[in-house]
Amino acid sequence: MTKLYAVTRGSKLNKVLPVIFTALILALALLPKFLAIPYQVKFVQAFILIILATMWNLLAGFGGLVSIGQQAFIGIGAYSLVYLADVQGLNPFLALALAAAVSGIFAFPLSFLVFRLSGGYFAIGTWVIAEIIKLFVVQVKTLGGGSGISLAAFSGMGRETRIAAIYWSALAAIFLTLLSTILLMRSKLGLALTAIRDDQTAAGVLGVNVLRNRRTVFVLVSIGFGLAGGLIAMSNLRVQPDDIFSVNYSAIMIFMVVIGGLGTIEGPIFGAILYYFLQDRLKDYGTWYLIILGLLGIAIVSLAPEGLWGWISRNKFSLFATKYRISQTSKEKGA
Amino acid sequence: MIWTNAIIQGLLTGGLYALLACGLSLIFGVMRIVNLSHGDFSILAAYGVVALAMHTNLILAIVLVLPVMALLGYLLQRGVLNRSLSKGALAPLLITFAFSIIIQNVLLQVFSSDNRSVQSGRFASMSFKITKNLQIGALPLFTFIVGVLLTLGLHYFLTYSRVGRALRASSDDPGAADLVGINNKHIYGIATAIGLFAAGIGGVLFGMRTQFAPSFGPVALIFAFESVIIGGLGSLWGTLIGGIVLGIGQSIGAQIQPSYGVLAGHLVFIAILILRPQGLMPKQKGK
Amino acid sequence: MSLLEVNNIEAMYGDLKALFGISLSINPGEVHSVIGANGAGKSTLLKVIAGTMPATSGSLTFHGNDLSKLAPDKRVRSGISLVPEGRRIFSSLTVEENLKVGAYSRRKGHWNLNNIRELYPLLAQRWDRIGFHCSGGELQMLAIGRALMANPDLLLIDEASLGLAPVVVAQVYASLPQITSQGTAVLLVEQDMQQALRASTHTSVLLEGKVVLEGTSSKLDKEAIKRAYFGIEGRA
């Protein structure tokens, strides 16, 4: 009697989850009716963090590209939103979608530049690119120069309506981002990326076009970063070059992903939520909170390199069915 | 004549960039670690000298700070970074980035964000008149000479000394280095110690000619990085040349418009990345 | 007391057991060859002795001292040098520099740059050539030379003749007597059975991680060796 094994993706847990998530999304959508404005704002902040963490994880954990310059695309998204909504007079929510696209459009040619570097030098290179973009943007008078620019597109709207609208946009954004990420990882691209991440040379030899796949990820995540940038601009009603292009965004993203766990979809979400509460608690401590964050980051990388989520789930289960597993089926090969 | 002046100033500044960069280059060469906190350590040294110089004279302050930088490098490498080498390419990057954040914020906490400088008295303003229109500052000249000497010194060290050979062997094949009796953990510590020592020298000289704040670490890192890339990976002399080219680029840009200096440097970097990504003097394969 | 005592050494590659209780002993000046088919565990044994792989049980005694806690670089300082499979020459260092770095541990003894040049004249002609540009034969001699520069009491050679032209193999083996005349013992892993038997004083035959035959090389029966090597008709 030999047991039969089947290659499956997902377990019983995974079948229940889509139902839970749909319910969750619906519940969240109804929130503005019941929730006071400050809490809606908090949710928007949390959603933005989750998008940033998920995108950075996609780039680094799946794409194998560690970048500390993604704030370039956050900035491009933010400025594009302001430009399209104010200067071009488009509907701000349409402008949001377009701003994300603009980010992607910039990412394509930039990828040719940064891909000439690898490893740690790639990381710094992306940062230098972000600095250069900032220096160029600051020269443009229409975009407010060095002191930044305000978003006027919402001036006709009442505050409650505006916050609710931004809330729903952020909700839609996070839904789309997570959905795309899951679909991407279950797709051929996702498989290719996992292969590249595990062994670049072997993947190449098997016919995976490493460069093209990486470029695709790079461009796709930049759309996500642009989306986040647009949302940030909408929430703050203002874009300031030193803030929006700040490398602190990279620090925060790295921290969220490392804490949560690189290379899984759940990890960054976990990390983002954890970070949100941490910075909510600690932001009064000023510089100390960043020092603590830094030390915590080092501790986790050294002691639990798979992140807190990785440590908790330890390959036993995952919320999103993206990994293949071998499981015993109930059938047996009879004689 | 203004252009000649600009070029010479840029050349001399290049020496400073080479100083800031050679440690970065060495650490990467031996361990494939890109130390994202390299610039912050430079600035840390400058602050150290500023703090000590309040109680003693400048020379003594420098003499005390630099070995401390080396020791710090050794301890951090052996205590934290060595462990991360086996955890994939991401871990050292994350850890050095965390170092960067910690250093900047500790400095902010201790020294506040006010601009500081390393006071060197008359030395900072001394200059030599070469011709009617050409003046060379003593400090920039001194910095350049130190930069060249350090590059030379490191080159000789790596080529002819027992430990230098061990560093190169370890960088080629750490497993084989074990087999000839080299303790890689210790060697890596030495590399980082030298790297941070060099960063310290760069930081102190930087602090003598420019005002600085805790947030200047990243600026130093970017200049160091651009010097390494322009010059070509794996070559100390390349890093020196890269620093000089960067310095000259910035200087010419600043001559056109004062605020264009840094941007011009970035553009030179981008140009090299597009036209000659291996750098101006890249290391040949195998040597 | 022998120079090296290997007692019931077991070793694993992850979940796979590679050595099932190997024992042997070597005295100064002896050449001990370890032969066996691919995957028999020969290289694993050398790696365990050199310290680049841990033993899961058993003991290793060298000069009467327990080796098991020593890291590989410390074992070099005690007097064990490994010439690894694949030679692993430092590719950016010249022949001369490779030899010089071989002396990193600063052990005293007979071997220095000059007499290595005499031992392997071919190397003398390639003195300034970078490791990356050396041929297979040059690499093997360089690897042995580099290991000798540490003046070991025990020289471990993994796959001495692999991938080398017969002329080169002959030169390598011709150098062995000069090495052992200094009192150094050699533990040699070799695919070529004939070569191994000719060059060694003692031989152990490994099969699937166990010693299935051992003895004085000149006295071992060729048929018995073949049976042991291939695992035919049970164990000897």
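Predicted model: local features only at pLDDT ≥ 70, side-chain atom pairs only at ≥ 80, totals over all residues.
No contact joins chain A and chain C, whose closest C-alpha atoms lie 18 Å apart.

The contact between chain A and chain B draws 33 residues from chain B and 29 residues from chain A. On the side of chain B that touches chain A, at least two residues each come from helix H3 (58-84), helix H4 (90-111), helix H9 (217-231) and helix H11 (261-275) of chain B. Of the elements on this side, H4(B) gives the most, with 13 residues. Sorted by class, the residues of the side of chain B that touches chain A come to 26 nonpolar, 4 polar and 3 charged.

Chain B also meets chain C, in a contact that takes 18 residues from chain B and 24 residues from chain C. On the side of chain C that touches chain B, the elements giving two or more residues are helix H2 (72-78) and helix H3 (95-102) of chain C. The residues on that side of chain C divide into 12 nonpolar, 6 polar and 6 charged.

Turning to chain B by itself, the reader will find 11 helices and 2 strands, and from the N terminus on these elements follow one another as α-α-α-α-β-β-α-α-α-α-α-α-α. The radius of gyration of chain B is 19 Å, close to the 19 Å that the globule rule gives for 287 residues, so chain B is as compact as a globular protein of that length. Of the 287 residues of chain B, 57% count as buried, and among the contacts in chain B with a separation of 6 or more, 75% are accounted for by residues 24 or more positions apart.

Two parts of chain B show its helices in more detail. Helix H2 (residues 38-53) of chain B has 16 residues and reaches 23 Å from its first C-alpha to its last, which is close to the 22 Å expected at 1.5 Å a residue. Because 13 of the 16 residues of H2(B) are buried, this helix is largely enclosed by the rest of the structure.

The second part is a pair of helices. Two packed helices are described by the angle between their axes and the distance between the axes. In chain B, the axes of helix H6 (residues 162-172) and helix H8 (residues 184-209) come within 10 Å and cross at roughly 110 degrees, which makes H6(B) roughly perpendicular to H8(B). From H6(B) the contact is made by B:Val163, B:Ala166, B:Leu167 and B:Ser170, and from H8(B) by B:Asn184, B:Ile187, B:Ile190 and B:Ala191. By class, this contact of H6(B) with H8(B) has 6 nonpolar, 2 polar and no charged residues.

Chain C contains 10 helices and 10 strands. With 236 residues, a compact globule would have a radius of gyration near 18 Å, and the 17 Å of chain C agrees with this. Taken along the principal axes, the C-alpha atoms of chain C fill a box of roughly 50 × 40 × 35 Å. Of the 236 residues of chain C, 48% count as buried, while residues 24 or more positions apart account for 69% of the contacts in chain C with a separation of 6 or more.

C:Val168 has its place in helix H7 (residues 166-174) of chain C, and because it has 19 C-beta neighbours inside 10 Å, C:Val168 counts as partly exposed; a residue is buried if 20 or more other C-beta atoms lie within 10 Å of its own. Leaving aside its neighbours within four places in sequence, C:Val168 is in contact with C:Gly137 and C:Gln140. C:Ile179 is 11 residues apart from C:Val168 along the chain, and the C-alpha atoms of the two are separated by 17 Å.

In chain A, finally, helix H6 (residues 159-186) has 28 residues and reaches 40 Å from its first C-alpha to its last, close to the 40 Å expected at 1.5 Å a residue. The buried residues of H6(A) include A:Ile166, A:Tyr167, A:Ala170, A:Ile174, A:Leu184 and A:Met185.

Terms used:
Residues numbered from 1 in each chain as written. Chains lettered and ligands numbered in written order. Contact = placed C-beta atoms within 7 Å. Helix = DSSP H or I, 4+ residues; strand = E, 2+ residues; numbered from the N terminus. Nonpolar A, V, L, I, M, F, W, Y, C, P; charged D, E, K, R; others polar. Expected span 1.5 Å × (residues − 1). Buried ≥ 20, exposed ≤ 12 C-beta atoms within 10 Å, placed from the backbone. Axes fitted to C-alpha atoms, helices over the stretch in contact; angles between N-to-C directions. Parallel < 35°, antiparallel > 145°, perpendicular 65-115°, else oblique. Rg over C-alpha atoms; globule rule 2.2 N^0.38 Å.
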